[in-house]
Number of protein chains: 2
Amino acid sequence: MTDYLSDLEIAKRSKIRPISSIAEEAGIPVGAVEPYGFYKAKIDTTKIKSQPTGKVVLVTAMSPTPAGEGKSTVTVGLSDAFRQLGDNVMVALREPSLGPVFGMKGGATGGGYAQVLPMEEINLHFNGDLHAITTANNALAAFIDNHIYQGNALNIDPRRISWKRVLDMNDRALREVVIGLGGPFKGVPREDGFDITVASEIMAVFCLSRDIHDLKENIAKMTIGYTYDKQPVTVKDLGVEGALALILKDAIKPNLVQTIEGTPALIHGGPFANIAHGCNSIIATNTARRLADVVVTESGFGSDLGAEKFMDIKARRAGLEPAAIVVVATIRALKMHGGVLKEQLKAEDVEAVKRGIVNLEKHLQNLQQFGVEPVVALNAFVTDTAEEVQAVKDWCADRSIKIALTEVWEKGGAGGVELARLVKEVMADKQDFRPLYELELPVEEKIRTVVQKIYGGDNVVFSDSAKKQLKTIIDNGWDHYPVCMAKTQYSFTDDPKKLGRPTGFEITIRELIPKTGAGFIVALTGDIMTMPGLPKQPAALNMDIDADGHAVGLF
Amino acid sequence: MTDYLSDLEIAKRSKIRPISSIAEEAGIPVGAVEPYGFYKAKIDTTKIKSQPTGKVVLVTAMSPTPAGEGKSTVTVGLSDAFRQLGDNVMVALREPSLGPVFGMKGGATGGGYAQVLPMEEINLHFNGDLHAITTANNALAAFIDNHIYQGNALNIDPRRISWKRVLDMNDRALREVVIGLGGPFKGVPREDGFDITVASEIMAVFCLSRDIHDLKENIAKMTIGYTYDKQPVTVKDLGVEGALALILKDAIKPNLVQTIEGTPALIHGGPFANIAHGCNSIIATNTARRLADVVVTESGFGSDLGAEKFMDIKARRAGLEPAAIVVVATIRALKMHGGVLKEQLKAEDVEAVKRGIVNLEKHLQNLQQFGVEPVVALNAFVTDTAEEVQAVKDWCADRSIKIALTEVWEKGGAGGVELARLVKEVMADKQDFRPLYELELPVEEKIRTVVQKIYGGDNVVFSDSAKKQLKTIIDNGWDHYPVCMAKTQYSFTDDPKKLGRPTGFEITIRELIPKTGAGFIVALTGDIMTMPGLPKQPAALNMDIDADGHAVGLF
């Protein structure tokens, strides 16, 4: 049996080029490249003059399993494959959240020979963007509580403050707290809670804004709560949008790094893929489109969540259209959707693969509804057998669906060349991109459209609380926003245990939360956790520094 | 009347040199300079091979007033003056905390023409050190609560956890909170509170460690609380010192910037000057000593707090001796100590100056107890009159005390040349530095020595709670640590209203808090606030970004 190196070991042994050399190759003017150490930079996008004409390749996935399907790995590997084919390519990725790094093993910078470097720094503080967002979020919280403490001129109802504090940390104990205790000099007691930073509306706004000025305007529109008369209170009412934009003035510049093979990568922003839209920033994607002919990017979770939001929220806002879509599938995930238990995934089971393929089928059909032809990337794992792989290839061949086995984890870009060739065929064809719904539809209809057309559900039920919130949304004129569905990623339904391709179900909308800065209405189904906890044996227990001060035990 | 430019305007109009040029002039090997943008860098000190032989000039002050005496400004201006005299000089400063920036106007990067650049970045996120410390602090808190939630194998008493969470924010409402609410899946309810990041013990440890490995060892020794059997629980017991050191692996590298005149400046670490020791990191000071012949540095608040701790805590740990000490005084502060109300400080009052000089006198006498000759820097303000200044000069002349009027705010280094010349005279003489007390003394005696010799008090009283804590300290063998006095900075007593040079008072020690990672015992007198609040009109209301995305309203 072969011994495999860890991702960190592979990363450490890789030859990394100075970031100035990567920037030069990417055609970025020298004055626009602000170095952060030797191998990272922030890009001052105001100094890039070209138009965003590059074509976007979106990488999404079938319904994921807890093991992970390697979507980021395929995204990175596919960009390296384009480079091997001689294309002028960049990859645009989400930046990892620091908190989860200390909990479960598993990075967010790809894997094997399809990684972005320097992985230690990217997985830790990177260039400080998440810290800046945490700071802006919590400064706003402090301004709100200080406003109430200092006389509450705006008449804010402390029981109706929707703005929560955040930390970039998995900290279960902060989910529900009471603050302002200790008497009159320590504030006004009220219920509060902390989310993880990627769940902050500022993260979503950050990723959906065109530039720092647009960011400031969108921040001003954020609703932080309601008055005793139930009127919305915004950041503009508090007068602190300028200060919050100032906190974010450097974070808003996208971060340039490189893949192991030297493909330039922009990594910028990383909102939650359930209560937010789960894509890297518009600024990063459109900057990459100014610099490269092909931009490979990804969306969160499976296509029912991430790709739908990419189309209906991000692409619409950014004025871009995907020229091709890649759907990552794995034999392991197909087997799980075919009914195999997690513990038995290593054993060959061709019939389970065939049963589970209904999940992939639904994702492919969904993407066709957006007018773009999907390509399947079957991401190879060492436990796959030739018969299992052949079963998927045969199924695709019967339906004229393009499929390539990708071996980018093991081989880097060379393992993705076949995929890149198929993607280029699609890109050469005229695609007919369209969002799923028009913004003018009523909010309930937008939700119903997603549930019926994408999830395959029969009906939508709104809780009493969601009905009340719908009235608030209509009364305040917020009903023209797109919807941002918060649903489990493991199933097309709101029950994570229903795998495969369920039918005959209804979806319950528990809450409708207007995000007036980000410009979408979050529709909560089921129990969505916005502050994770740590496991019994956190990954932190294995982490350390070596004699040179470098990371040990980080994946 | 002259119109003066704001500090931010002066900073924006100053010509700033690329950090590579500053580093080269400072003799730092190219491979040790990790750029953060064009004008900041982190220094990999493991790549500097010379020994720390530079002489240290400590800048301290008389008892400060709420207006501020300009100690950082004098520190910066004095370093520029040394440079004008042809000396190979560096300045080592504390890094500002972001939270207070949004509250009151007033930066921490000097002022006028004696500033460090780029002031916008230094006053905001700088190179992320405070964010890293916040993250390490809160990761530890999450590990503690997770340990209890997952079965509490260490038998930690949730009522006796001394480790608090932190934010780099002035957020009054977080002073006292209850966490872990919401039922069995959201943790174990307990009382908690947030401090501002600079009050974290990790900040103190960070500033007192030699390198990343020493930092890890000291972090392992931190006490986070007690078991139900009242035994101390350390970070080592939790096994996360490696992960915490990993979070700090880049922060530990000191930050290189420049003064307006181009003097190289290392800015690194900034612990509270009351519940901690209030000096920049030992790493920064000793790195500067490897690179320059003269290192100008400062300590927090007045000499009774900052300089005493510099001598008894930092210098002892770092193996350094101050070659000269500068005491910053102002006519305004002398008048306040002479009984003038804050509102009337602009009017000439020579008699009040003469009355208030007793405060300065006590500071000078105190510093002589450490065996080093102090030099007075009378820091000029536009409201000073010639007669007031002459009164101070005459008083010094009568006592053979060296004094120079400094005009560095208005003139930069040129305004500090006279001071630099006097300091060089002292440096040429043999000084006889010694700490105030030996570590072997009992804790009560160490405290009594500081109170009697430095504050001029008659006696020390220990509260019942302090007496119990003293027993814990002795039982655990922690009594060999130096003491870190937490006292108001405005008075030699524990009452901020008693100005001048009070006599016949006693000091009450309310609490004794062992900081077993930092290696000192905090002695709390009076009510020390470790989480500030925001004022009614926060400075944030005036902050904004301009058309180019640069700061507006930041001082």
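This is a predicted model: local features need pLDDT of at least 70, side-chain atom pairs count only at pLDDT 80 or more; totals for chains, interfaces and linings use all residues.
How many cavities of 30 Å³ or more does the count give? The count comes to seven.

1. **Contact between the chains.** In this model, 73 residues of chain B are in contact with 73 residues of chain A. The area buried between chain B and chain A is about 6,000 Å². Carbon and sulfur atoms give 66% of that area. On the side of chain B, the residues that lose the most area to chain A are R172(B), L246(B) and I545(B). Together these three account for 10% of what that side buries.

2. **The largest cavity.** Rolling a probe the size of a water molecule over the atoms shows where empty space is left. Among the seven cavities of 30 Å³ or more, the largest holds about 180 Å³ of space. Its lining consists of 14 residues, and those closest to the centre of the cavity are T134(A) and L167(A) from chain A, with H131(B), T134(B) and L167(B) from chain B. Two elements give two or more residues each to this lining: α6 of chain A and α6 of chain B, both spanning 129-149.

3. Which classes of residue make up the lining of the largest cavity? Eight residues are polar, four are nonpolar and two are charged.

4. **The second largest cavity.** This cavity has a volume of about 70 Å³. Its lining includes E95(B), P96(B), S97(B) and L98(B), as well as L124(B), H125(B) and F126(B). G128(B), D129(B), L130(B), H131(B) and D168(B) also line the second largest cavity. The largest share of the lining, three residues, comes from α6(B). By class, five of the lining residues are nonpolar, four are polar and three are charged. H131(B) deserves a remark: this residue lines the second largest cavity and is also listed among the residues closest to the centre of the largest cavity.

5. **A sheet in chain A.** Strands of a sheet pair through backbone hydrogen bonds, either parallel or antiparallel. Two bridges join β7(A) to β12 of chain A, residues 223-227. I161(A) stands opposite G225(A) in β12(A).

6. **A sheet in chain B.** In chain B, an open sheet of three strands has the order β7-β12-β13, again with antiparallel pairing. Here the edge strands are β7 (156-161) and β13 (232-234) of chain B, each of which pairs on one side only. Neighbouring strands are turned by 50° against each other on average, direction ignored. Three bridges join β12 of chain B, residues 223-227, to β13(B). Within this pair, V233(B) in β13(B) is the bridge partner of G225(B). Which strands does α6(B) touch as it packs on the sheet? The helix touches β7 and β12 of chain B, and its direction makes about 135° with that of β7(B).

7. For the reader's orientation, α6 of chain A and α6 of chain B contribute to the lining of the largest cavity.

Key:
Residues are numbered from 1 along each chain as its sequence is written. Chains are lettered from A and ligands numbered from 1 in the order in which they are written. Side-chain values use heavy atoms; hydrogens and water are left out. On a 1 Å grid over the protein atoms alone, a cavity is a set of points where a 1.4 Å probe fits but cannot get out, and a pocket is an open set with protein on both sides within 12 Å along at least five of seven lines; lining residues have an atom within 4 Å of a point. Grid points are joined across faces, edges and corners, and a volume is the space filled by probe spheres set on the points. Helices (H or I, at least four residues) and strands (E, at least two) are DSSP runs, numbered from the N terminus. Ala, Val, Leu, Ile, Met, Phe, Trp, Tyr, Cys and Pro count as nonpolar, Asp, Glu, Lys and Arg as charged, and the others, Gly among them, as polar. Two strands pair if DSSP finds at least two bridges between them. Axes are lines fitted to C-alpha atoms, for helices over the stretch in contact, and angles run from 0 to 180 degrees between N-to-C directions. Contact means heavy atoms within 4.5 Å. Buried area is the accessible area (1.4 Å probe) that two parts lose on being put together, summed over both.
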